Amino acid sequence: MKVALITEVFFNDRKGIALRDHLTRAVDQGADVAVLPELPLSAWAPFSKVVHDEDAEPDGGPRQETMCQAAADVGIALVGGAIIRDADSGTRYNTALLYAADGSCIARYRKVHLPEEEGYWETSHYEPGDQGPEVIGGLPMKVGLQICSDVNRPQGFQLLAAQGAQVIFAPRATPPETYDRWRLILRANAIMTGAYVISTNRPRPERGASIGGPSIAIAPTGEVIAETTDPVCVVETDPAVVTEAGAEYPGYLERFPALYAKSWSRLEG
């Protein structure tokens, strides 16, 4: 499966023209799926604690429709995202979305781990997700979704690995001055899960928030196979590499979910 890392955001691209252009470049390089950064069709709202209603949208809202239509027009699967307002409760969630090449939304995941610090006042803007991640079919390889700070609490990665994920997409918005730390934990997650980890970053500072630094693709061995600020970069993932990693250390180690579930339940009490 060929994956395009798209290191660009499109909040000034209301008609999706620039988005289609980037996706077309990805298809021209053979990509099956393209991965956008965190909240790619929105200006970075958590730069302050002030919440604006227009930063969020209902299920099927205009940002989602733009991504859906762009994927269908170009004919490529697409990982995007939006702040989605729950129809029943009105609660806002930072939601990653996976569109098939026909534009249908085949999966969604709500970000669980939310920072609250300068430039990243995220708990002011949306609530933690209320469901764990699940492996997604419909692409040439089994994939999973995580979002940015979820990387630093790797339970989600472990759950995806236990379900057989071969590639884990982790869109993010992170500052360049902490990139070395992000690079380290992303590599560790790839080794721990025995899966490819692909993380695309927002490309530049916004509204005073320090944002930027490379997007990265990592093999199950921990080898960095792409590290780039180019707007479009295509990498190839191979299920045979995932199978080999699963047969080697630490891939073959048992996970003991019942044991750890018991320990977590005691902590919750």
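**The lining of the largest cavity**

Author: Two strands, β4 (77–85) and β5 (92–99), each supply at least two residues of the lining of the largest cavity; strands here are DSSP runs of E, at least two residues long, numbered from the N terminus. The model is a predicted one, in which local features need pLDDT of at least 70 and side-chain atom pairs count only at pLDDT 80 or more, while totals for chains, interfaces and linings use all residues. Residues are numbered from 1 along each chain as its sequence is written, and side-chain values use heavy atoms, with hydrogens and water left out.

A cavity is a set of points, on a 1 Å grid over the protein atoms alone, where a 1.4 Å probe fits but cannot get out, and its lining residues have an atom within 4 Å of a point. Grid points are joined across faces, edges and corners, and the volume is the space filled by probe spheres set on the points. By this rule there is 1 cavity of 30 Å³ or more, and the largest cavity has a volume of about 40 Å³.

Its lining consists of Pro-37, Glu-38, Leu-39, Pro-40, Gly-80, Gly-81, Asn-94, Thr-95, Ala-96, Ile-147 and Pro-171. The largest share of this lining, 3 residues, comes from β5. By class, the lining has 6 nonpolar, 4 polar and 1 charged residues. In this scheme Ala, Val, Leu, Ile, Met, Phe, Trp, Tyr, Cys and Pro count as nonpolar, Asp, Glu, Lys and Arg as charged, and the others, Gly among them, as polar.

How values were computed: On a 1 Å grid over the protein atoms alone, a cavity is a set of points where a 1.4 Å probe fits but cannot get out, and a pocket is an open set with protein on both sides within 12 Å along at least five of seven lines; lining residues have an atom within 4 Å of a point. Helices (H or I, at least four residues) and strands (E, at least two) are DSSP runs, numbered from the N terminus.
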